[in-house]
Amino acid sequence: CRIMAGKVKWVTDIEKSVLINNFEKRGWIQVAENEDWNFYWMSVQTIRNVFSVETGYRLSDDQIVNHFPNHYELTRKDLMVKNIKRYRKELEKEGSPLAEKDENGKYIYLDFVPVTFMLPADYNLFVEEFRKNPSSTWIMKPCGKAQGKGIFLINKLSQIKKWSRDSKTSSFVSQSSKEAYVISLYINNPLLIGGKKFDLRLYVLVSTYRPLRCYMYKLGFCRFCTVKYTPSTSELDNMFVHLTNVAIQKHGDDYNHIHGGKWTVSNLRLYLESTRGKEVTNKLFDEIHWIIVQSLKAVAPVMNNDKHCFECYGYDIIIDDKLKPWLIEVNASPSLTSSTANDRILKYNLINDTLNIAVPNGEIPDCKWNKSPPKEVLGNYEVLYDEEMAQSDGHDRELRSRSGQSTGVKGSRARDSGKPVPTTWK
């Protein structure tokens with residue numbers, strides 16, 4: 001299998017449709033071609049084989065792949081939380097202003113992941129936290145699954161005991177015999193539009209972790225539930241109310257197959273600007289970008305920064321009714337199947353723009369090439385963070401306008417640190 005990349009060139013519309021709609025069903029598939037070479041997009045399972053010491057595979061300089069070897073440090077739910085917690089503690093030890101806490105001991109700037117515990121390992125810690133607020137609702141997710149599989153909500157300890165205890169021995173089931181889960185405090189005050197809950201699916205391309213260089217895709221979208229939201233405990237089992245995953249919502253009676261229950265991010269921005277104001281909306285999206293960069297910084301030290309790799313992540317963000325964004329999870333293989341006509345256009349452009357950054361000018365790949373691609377090849381991507389550029393400017397992009405020391409385009413600190421200046425990530 002020759003793993004190369006370049007500009008997307010589909011032979012026929014039928015071929016394009018077949019390829020995209022079979023994206024997640026095969027170990028690797030050809031998604032682009034020209035006269036000299038082909039590009040293959042590989043699944044995470046195939047990546048494990050490529051980088052396994054047992055297989056003996058070695059990639060040459062003209063071969064690149066679309067995952068980092070240990071991408072799961074960010075994309076596995078439990079490891080993402082573990083790495084973010086470690087990152088916060090390290091910043092705290094260093095005395096970084098980013099790790100500042102309020103009078104209640106909560107992080108002021110780094111509180112962007114719901115309170116989360118790993119089960120069964122953190123069962124006792126979870127029980128202790130649950131008893132502080134017994135009326136709270138929690139959401140349980142298997143660590144290694146996607147598309148909403150295995151997710152359920154609880155609001156009583158008896159419900160988790162039923163899940164966690166063996167019926168015969170009434171003793172805790174070991175992790176080896178039961179799949180590991182994460183349990184997170186449920187965001188029960190989501191921002192609603194038309195009475196319905198939604199989340200954001202945003203695409204972020206990372207070309208290198210050290211130095212960190214990432215790009216934000218401007219054409220993300222909102223995924224809406226088909227049933228109006230209610231915090232009522234009687235609806236905890238109704239996933240059409242609580243989970244935005246298209247894999248779940250498409251089975252609902254009210255699912256719209258034309259628009260797929262989706263809004264573009266630009267439509268969301270327009271809605272928020274008209275209902276909440278432009279300044280508040282800009283602040284929200286600035287905070288979303290901040291969350292993404294900090295999550296990438298959290299895993300950068302542990303990521304195997306192989307020179308043959310790039311990765312396009314699917315970020316899931318939920319906004320609460322106070323317009324505070326929360327990072328829910330990061331997907332290593334965001335769905336590239338198209339459920340609507342707009343989906344098809346968006347994801348075709350996503351693949352095209354991703355390849356044009358991975359291999360500028362459609363030339364033969366060279367994994368030693370480590371420069372920023374020219375602006376004209378970015379397409380719908382925009383530079384979100386360039387650590388090398390930030391450091392060359394003399395300051396890392398660490399502080400935001402919330403702490404009175406905002407950063408500019410290249411990561412330089414604002415001169416007037418006494419007066420907050422809106423941060424720009426564009």
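Biologist: At what angle do the axes of helix α4 and helix α10 cross?
Modeller: At roughly 90°, and the axes of α4 (residues 77–93) and α10 (residues 278–299) come within 8 Å. Axes here are lines fitted to C-alpha atoms, for helices over the stretch in contact, with angles from 0 to 180 degrees between N-to-C directions. So α4 is roughly perpendicular to α10, a label for angles of 65 to 115 degrees (under 35 is roughly parallel, over 145 roughly antiparallel, the rest oblique).

Biologist: What should I know about the model itself?
Modeller: This is a predicted model, where local features need pLDDT of at least 70 and side-chain atom pairs count only at pLDDT 80 or more, while totals for chains, interfaces and linings use all residues. Residues are numbered from 1 along each chain as its sequence is written, and side-chain values use heavy atoms, leaving out hydrogens and water.

Biologist: Back to the helices. Which residues of α4 and α10 meet?
Modeller: From α4, Asn83, Ile84, Arg86 and Tyr87; from α10, Gln294, Ser295, Lys297, Ala298 and Val299. Contact means heavy atoms within 4.5 Å. The residues split into four nonpolar, three polar and two charged. Ala, Val, Leu, Ile, Met, Phe, Trp, Tyr, Cys and Pro count as nonpolar, Asp, Glu, Lys and Arg as charged, and the others, Gly among them, as polar.

Biologist: Is Ser295 buried or exposed?
Modeller: Buried, because its relative accessibility is 0%. The cut-off for buried is under 20% relative accessible area, with exposed over 50% and partly exposed in between (1.4 Å probe, protein chains only).

Biologist: And what is Ser295 in contact with, neighbours within four places aside?
Modeller: Leu74, Ile84, Phe112, Tyr315 and Leu327. Ile84 is also one of the α4 residues in that helix pair.

Biologist: New topic. Where is Leu236?
Modeller: In the loop between β10 (221–224) and α7 (239–242). Helices (H or I, at least four residues) and strands (E, at least two) are DSSP runs, numbered from the N terminus. Leu236 has 6% relative accessibility, so it counts as buried.

Biologist: What does Leu236 touch, beyond four places in sequence?
Modeller: Thr137, Leu153, Ile154, Asn155 and His242. Leu153 is 83 residues from Leu236 in sequence, but their C-alphas are 5.9 Å apart.

Biologist: How many helices and strands overall?
Modeller: 12 helices and 14 strands. Buried residues are 52% of the 426 in the protein.
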